[in-house]
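Colleague: I am new to reading protein models. Could you take me through this one and tell me where its labels come from?

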Amino acid sequence: MSTSHAEHDHEHGHGSTNGDHVPHVLPFKVYIGTFATLLFLTVVTVAASYVNIGHTGNLIVALLIATIKASVVALIFMHLKWDHKFHGIIFVSALLFLAVFIGITMSDTEFRGEAEAIEAKNPVDLKDPFKAQRTGDIAIPKEIAPAAGGSAAPAAGSAAPAAVPAKH
Amino acid sequence: MSAKAEALGGAGESKLSPQFHVAHHFDKADTQFDAGRMGVWLFLVTEILLFGGLFCAFAIFRSKYFPSFVEAHHHLDRVMGGINTIVLITSSFTMALAVRSAQKNETKKTTLLLAITLACAAMFLVVKYFEYSHKIHDGLLPGGNFTAADFASGHPGIFFAIYFMMTGIHGVHVVIGMGLILWILLRNQKSEFSSRYYAPVENVGLYWHLVDLVWIFLFPLLYLVG
């Protein structure tokens, strides 16, 4: 990539005599070759979806082929291969942030209720995920709470705010 | 500078993109072109993150309601999805060639290629229209509007909510892209673009390729794998 980029600059240096932009025109066969590659990979991805290698296997194959197709489009149709390196860095950094975004989100949603044994007993309510912050995150066994109401009334003063929202 | 450029340019070259000039805060045309293109790349980053949120939603709900996703995705027409993939790849190809012919001062060819790109985009939307009307007819609608019977799994409406949102926002991008390509086509007919100045063709091309790029991921994920 860096070699092509250098050539590009080289061409610019010689082509431009009056400060005008001199385009870097790619041969027609590059475009037709890219087009044929994309059509071929589309057929491959459809064909691969009929081969049963398990849901995860099919997903990985489909994503792999899509990534190859996307790379071909970005490198050749979008001229990233001959473009300034910085434009490529912008593009790739977006993909890295996307990976962070999806990766960290799924590391949360995939493992809810599994982090600790106590969490499995009190799974987070998806519609009210921050309930624990309001209630002080105190686990109150439901069968004991009403019985304790009468005898341990003075002691339950601090636990009462936690018990009230837990009931509804 | 323009007088010097005309003197150096020789016969004919002074007629290329006569309205074009380099803004005074750029030292040369290359710098101006690169600055514009970098701006478009930064915009494309925001587009990736926009669609990224939807892909993230797809990933989470596919994992949570996996049987529903597998069952629901069989109700998408993969033939129509496949045709649309080929149509969009073809439009990307003609768009790339339009940029090339603009670089080579082939104005009429650029107009023709942009018109083909526009026709492909319109065809994509027509196929999408048939797909959508079929889904609406069958009651395969998002969330609470889902009315189709005989589904074994529990939450097919969530799949269709994501399907309509992802393909809908992608469709809006196709419509906006058509407007941009038409704008470029009309300007090209006024001979505004040449090897000296074709930045708008190149930049609309970049946007159009991104629309294609998003579909390259949408098609296998929604139609083929589910």
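Modeller: Here is a short talk about helices, contacts and a core.

This is a predicted model, so local features need pLDDT of at least 70 and side-chain atom pairs count only at pLDDT 80 or more, while totals for chains, interfaces and linings use all residues. Residues are numbered from 1 along each chain as its sequence is written, and chains are lettered from A and ligands numbered from 1 in the order in which they are written.

Colleague: What makes H6(B) roughly antiparallel to H7(B)?

Modeller: Helices are DSSP runs of H or I with at least four residues, numbered from the N terminus. Axes are lines fitted to C-alpha atoms, for helices over the stretch in contact, and angles run from 0 to 180 degrees between N-to-C directions. The axes of H6 (residues 156–189) and H7 (residues 199–225) of chain B come within 10 Å and cross at roughly 155°. Angles over 145 degrees count as roughly antiparallel, and that is why H6(B) is called roughly antiparallel to H7(B).

Colleague: Which residues in H6(B) and H7(B) meet?

Modeller: Two residues are in contact if their C-beta atoms, placed from the backbone, lie within 7 Å. Among those in H6(B) are B:Tyr163, B:Gly177 and B:Ile184, and H7(B) includes B:Val201, B:Trp208 and B:Leu222. By class, this contact of H6(B) with H7(B) has 16 nonpolar, four polar and one charged residues. Here Ala, Val, Leu, Ile, Met, Phe, Trp, Tyr, Cys and Pro count as nonpolar, Asp, Glu, Lys and Arg as charged, and the others, Gly among them, as polar.

Colleague: What makes a set of residues a nonpolar core?

Modeller: The set must hold buried Ala, Val, Leu, Ile, Met, Phe, Trp, Tyr and Cys residues joined through C-beta atoms within 7 Å. Buried requires 20 or more other C-beta atoms within 10 Å of the residue's own. The largest such core has 65 residues, and B:Ala98, B:Val201 and B:Leu222 have the most contacts inside it. H7(B) gives the most to this core, with 17 residues. Leaving aside residues up to four places away in sequence, B:Val201 touches B:Ala98, B:Val99, B:Ala102, B:Ile184 and B:Phe193.

Colleague: How many residues does each chain bring to the contact between A and B?

Modeller: Chain A brings 40 residues and chain B brings 47. On chain A's side, H4(A) gives the most, with 11 residues.

Colleague: How many helices and strands are in chain A?

Modeller: Chain A has eight helices and zero strands. Of its 168 residues, 13% count as buried.

Key: Helix = DSSP H or I, 4+ residues; strand = E, 2+ residues; numbered from the N terminus. Parallel < 35°, antiparallel > 145°, perpendicular 65-115°, else oblique. Buried ≥ 20, exposed ≤ 12 C-beta atoms within 10 Å, placed from the backbone.
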